[in-house]
Amino acid sequence: MGSQSSSGMSGRGSSDNPDQPEPESNQNSNPRGRRAAERQAERQSAAEEDVDLAQVLAYLLRRGQVRLVHGSGATGLQLVQSYSDSDEDSDSAWEGRLGDRYNPPVDSQPDTQDVDRSEIRTQILLATASSALKGRHSFTHMLTQREQGRCRGSSFSHGECSRIRSHFLPNHVAFKDTYQQKAFCGLYSNDGNMFLSACQDQNIRLYDTSRGRFSLKRTVKARDVGWSVLDVCFTPDSRSLLYSSWSDYIHVCSIDGDSETHTALDLNPDERRFCVFSLTASCDGKEILGGANDGCLYVFDREQNKRTLKIDAHEDDVNAVAFADSSSQLLFSGSDDALCKVWDRRTLREDRPQPVGHLAGHRDGITFIHSKGDARYLISNSKDQSIKLWDVRKFSPKEGLAASRLAVTQQNWDYRWQPVPQKALKRHKLTGDTSVMTYRGHGVLHTLIRCRFSPEFSTGQKYIYTGCSTGKIIIYDVLTGAIVCRLSGHDACVRDVSWHPYQENIVSSSWDGAVRLWEHRQTHPLDEERERERDRACDGDSSVSEKDSKKER
């Protein structure tokens, strides 16, 4: 789009080109004819300029770089500049609170045809000891089998334990901490003994979560912050944390011991206004991968203390990056151009970057991606109000790329401050969509909301869980696409969620300034029935809105 706008602007100056042919001699000899020709040329030039300006304005509005607000003047409208496509709070007119006005549509009958034939189905069934079962998944049946001595060994296997835990999903707030400003990120360490939270107040809070505790251990004041800390992560050894913001630098802060040491890692970007929206550390902690607003991927080598790779990866902001597995050779990226891309560093050249393949099927920008950790499967969250499951062995054809690009160009709303238009909730697959499964039932508004696979140890990665613009945490069953749990309680959008790697609890981070620890608590059967009735009512409302949208279309 940018190149088209540029060519349009250069076209406006073509009338001043000295190589233009001279008017015909009979027009020069006739003053009246010459003036008429000049007026006609002026009208044509003005018309061309109006068309060019309209195209540029439409592009800027679509990108969210400017927006129309009520103001003074003859038209009563005023253009206001926005500074980011993804996470810039240009004013205080919205606070991430569209929950009462938006009910995300739910797939009442998700299409499981592809996932039923996929390898991930076999993986999950084996990880939860469910492959040999024929509808007998109840906890009481498993206890009966054990009492009769029909378990392998003397007790439940690890897979059976994972299946049992699926009956005890988090449902109760056990701890809550409240900040004065929006909570943006929250993440458990790999061992689950620490949790870090990043807030718009520029503080990164570390909590001790070992041995069942959840207590504030330390507060780190982030440096060089523009507007907010936008992403954080631990190094694999949990001795340091990384964070990014609107800055040319990624920052590393050591948290081992009582003292803190901040180190700024210069990425040397070409953009004047630069931000890393997503970052992650390699499994050995030696490299940092980042995705930025200039459409590039950055790799910083901590041992060499320099940027070692810059890849011109996408046509728009890179909102999400991930390592595919522990080898750190395969990289995943997701962008506002609605594409996920897979990169192999062994064949990657900075001067001519070519991805191994593309994953196309979303209709709008991607806000987050998460790898299953096996270099085969990943999920992506999108502004088209869906999560997609991908198999990186099934890349999208050229038709898929074209269809996705066309769908993105047709989006003319701003997810940060506008409600979702009905026309954006189309459900049929785009041409060339190679995704394995699509999950719907959560809202993606206001900010880069995140989704993740549930932990392998405790759940066999049986679930996908995500934040939601309605202030909920939504948990999907990977294989059925059904919503198995909704956690309600926040007053604004939930931007980040993190499941403890070994225990049955989830921490949510919300724009209402609250961080909540959810764990399972046994409830009265009547309470459970009321909760199920609320879920059914919510699904029914979504089905009604879906029918209405179909009528409109």
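**Close-up views of a predicted model**

**View 1. Strand β14 is joined to strand β15 in an antiparallel arrangement.** Six bridges link β14 to β15, which spans residues 306-312, and the two strands run antiparallel. The structure shown here and in the other views is a predicted model. Within this pairing, leucine 297 has isoleucine 311 of β15 as its bridge partner. The hairpin formed by β14 and β15 has four residues between its strands, and asparagine 305 in this hairpin adopts a positive phi near 55°.

**View 2. Strand β13 pairs with β14 as well.** Strand β13, which covers residues 287-292, runs antiparallel to β14 and is joined to β14 by five bridges. Here isoleucine 288 is found opposite phenylalanine 300 of β14. Three residues lie between the strands in the hairpin of β13 and β14, where glycine 295 takes a positive phi near 80°.

**View 3. The residues of strand β14 are buried whichever way they point.** Strand β14 runs over residues 296-301 and is mostly covered, with six of its six residues buried. Cys296, Tyr298 and Phe300 point one way from the strand, while Leu297, Val299 and Asp301 point the other way, and all of these residues are buried. Phe300, one of the buried residues, is the residue that isoleucine 288 stands opposite, and Leu297, which is buried too, is the bridge partner of isoleucine 311 in β15.

**View 4. Four strands, β16, β17, β18 and β19, form an open sheet.** The strands follow the order β16-β17-β18-β19, and their pairing is antiparallel. Because β16 (318-323) and β19 (357-359) stand at the edges and each has a single partner strand, one side of each is left without a neighbour in the sheet. On average, neighbouring strands of this sheet are turned by 20° against each other, with direction ignored. The pairing of β16 with β17, which comprises residues 330-335, is antiparallel and extends over five bridges, and in this pairing valine 321 stands opposite serine 333 of β17.

**View 5. Helix α8 has its buried residues along one face.** The helix contains twelve residues, 398-409, which at 1.5 Å a residue should span 16 Å, and this agrees with the 17 Å that separates its end C-alpha atoms. Buried in this helix are Gly400, Leu401, Ala403, Ser404, Ala407 and Val408. Seen down the axis of α8, these buried residues fall within an arc of 165°, so they line one face of the helix. An α-helix has 3.6 residues a turn, so residues three or four places apart point the same way.

Technical notes
Residues numbered from 1 in each chain as written. Predicted model: local features only at pLDDT ≥ 70, side-chain atom pairs only at ≥ 80, totals over all residues. Heavy atoms only, no water. Buried < 20%, exposed > 50% of the residue type's maximum accessible area, 1.4 Å probe, protein only. Pairing = 2+ DSSP bridges. Expected span 1.5 Å × (residues − 1). Arc of directions from axis to C-beta. Axes fitted to C-alpha atoms, helices over the stretch in contact; angles between N-to-C directions.
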